[in-house]
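Me: Hey, can you walk me through this structure? I'm new to this, so please keep it simple.

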Amino acid sequence: MSLHDEYARITPFELLFAQQAQAAALSESIAEEAAGRGTDDGSPDVFLTMGVVTDFVRTVVGEDAPPDAVHRYGALAFHAVHFTRAGSPLYLLETAVARLLVDGATGGRPEPPAPSGYLQLPRHLFWVVDGSVAPESVDGVCWTISDGERLHAMLVSGVRADHTGLRVVPLPEAPVGEAATWLDFDARGDGVDFSNPMPGAEMDALLALSTSGEVLKLLARFFAFVQEAPAALIPAVALRTERSTTTQGVAEGGADAGPGPSTLDYVRVTDHGRAGD
């Protein structure tokens with residue numbers, strides 16, 4: 001199985017909104033409704049009750065969509081809006097760093113680098129393996145901090161340009177002030193955290209995110225790594241119109257095509273710039 005961290009791939013937010021201007025317009029409409037109601041759109045519970053959100057989600061999933069679909073895509077819209085407001089902080093985790101974080105916590109403080117962001121994982125490295133559905137490759141993890149203290153995270157898998165494979169799994173709210181306790185806790189209890197039980201997974205040393213605790217553990221370790229090694233963060237420009245021959249084939253969906261590139265500028269998280277390197 002081919003892993004991939006060569007460039008930032010199309011994100012779930014770009015699947016939800018054809019243009020960034022659409023996300024900005026929805027954000028403005030939500031802020032206006034929240035102000036009119038005297039409520040805080042930083043709370044997912046409040047966000048999902050807003051009329052403009054319900055109307056938008058129905059245009060995405062259809063009028064006859066089941067309530068759980070409305071809730072899941074509403075949660076995606078929540079993260080998309082706050083991601084846009086934060087300046088679209090997209091972080092691409094290189095494979096070497098992902099394995100480093102799985103192996104253990106670094107010495108930094110687990111403080112989020114932005115109030116909202118998207119951590120894109122190496123393609124096909126992490127999998128959702130919970131027994132309820134067929135295993136799916138994890139694309140990344142969204143996070144949003146509300147009131148400076150509540151972390152809302154969501155796992156995203158099945159990201160494809162045709163939009164049909166997208167799966168989102170909102171996690172329970174967690175106090176970000178307790179992130180230090182997530183660095184080394186036992187998330188599974190009855191198994192090895194991040195281990196992948198799929199047949200053949202050991203051949204490529206594939207990993208799994210099977211519990212909410214593992215997602216929080218990975219996020220906390222990423223936050224700590226960012227604080228410890230800021231020099232390991234390399235700004236990168238999105239692959240928009242000027243692409244290499246290989247990337248052009250990717251964008252056009254050739255026989256050997258990889259995932260389509262994101263149109264967002266991003267930050268590459270490398271294994272360079274750490275103390276002692």
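This is a predicted model: local features need pLDDT of at least 70, side-chain atom pairs count only at pLDDT 80 or more; totals for chains, interfaces and linings use all residues.

Me: Ok, so at what angle do the axes of α2 and α4 cross?

Reply: The axes of α2 (residues 20-37) and α4 (residues 51-61) cross at roughly 145° and come within 8 Å. Helices here are DSSP runs of H or I with at least four residues, strands are runs of E with at least two, and both are numbered from the N terminus.

Me: Which residues in α2 and α4 meet?

Reply: From α2 there are Leu-26, Ser-29, Ile-30, Glu-33 and Arg-37, and they meet Gly-51, Val-52, Val-53 and Phe-56 of α4. The residues of this contact between α2 and α4 divide into five nonpolar, two polar and two charged.

Me: Zooming out, how many helices and strands does the chain have?

Reply: There are eight helices and 10 strands in the chain. Of the 277 residues, 51% are buried. Buried means under 20% relative accessible area, exposed means over 50%, and partly exposed is in between (1.4 Å probe, protein chains only).

Me: And what share of the contacts join residues at least 24 apart?

Reply: Take the contacts between residues at least 6 apart in sequence: 70% of them join residues at least 24 apart. A contact means heavy atoms within 4.5 Å.

Me: New topic: which residues of α6 are buried?

Reply: In α6 (residues 95-103), the buried ones are Thr-95, Val-97, Ala-98, Leu-101 and Val-102. Looking down the axis of α6, these buried residues fall within an arc of 165°, so they line one face of the helix. The arc is that of the directions from the helix axis to the C-beta atoms.

Me: What do the buried residues of α6 pack against?

Reply: They pack against β1 (90-93), β3 (126-128), β8 (207-208), α7 (212-228) and β10 (266-269).

Me: Let's do strands. Is β4 mostly covered or mostly open?

Reply: Mostly covered: 10 of the 11 residues in β4 (residues 136-146) are buried.

Me: Which way does β2 run relative to β4, parallel or antiparallel?

Reply: β2 (residues 116-120) and β4 run antiparallel, joined by five bridges. Leu-119 has Val-141 in β4 as its bridge partner. β3 also pairs with β4 in the antiparallel sense, over two bridges, and there Val-128 stands opposite Glu-136. By the rule used here, two strands pair if DSSP finds at least two bridges between them.

Me: How many bridges do β4 and β5 pair over?

Reply: Eight, with β4 and β5 (residues 150-157) in the antiparallel sense. In that pairing, Cys-142 stands opposite Met-154 of β5. β4 and β5 form a hairpin with three residues between them.

Me: Where is Ser-88 found?

Reply: Ser-88 is in the loop between α5 (67-85) and β1. Ser-88 has a positive phi of about 60° although it is not a glycine, and it is buried at a relative accessible area of 13%.

Me: Back to Met-154: what does it touch?

Reply: Not counting residues up to four places away in sequence, Met-154 touches several residues, including Ala-75, Leu-76, His-79, Gly-140 and Val-168. Met-154 is buried, with a relative accessible area of 0%. Met-154 and Pro-170 are 16 residues apart in sequence, and their C-alpha atoms are 4.2 Å apart in space.

Notes:
Residues are numbered from 1 along each chain as its sequence is written. Side-chain values use heavy atoms; hydrogens and water are left out. Axes are lines fitted to C-alpha atoms, for helices over the stretch in contact, and angles run from 0 to 180 degrees between N-to-C directions. Ala, Val, Leu, Ile, Met, Phe, Trp, Tyr, Cys and Pro count as nonpolar, Asp, Glu, Lys and Arg as charged, and the others, Gly among them, as polar.
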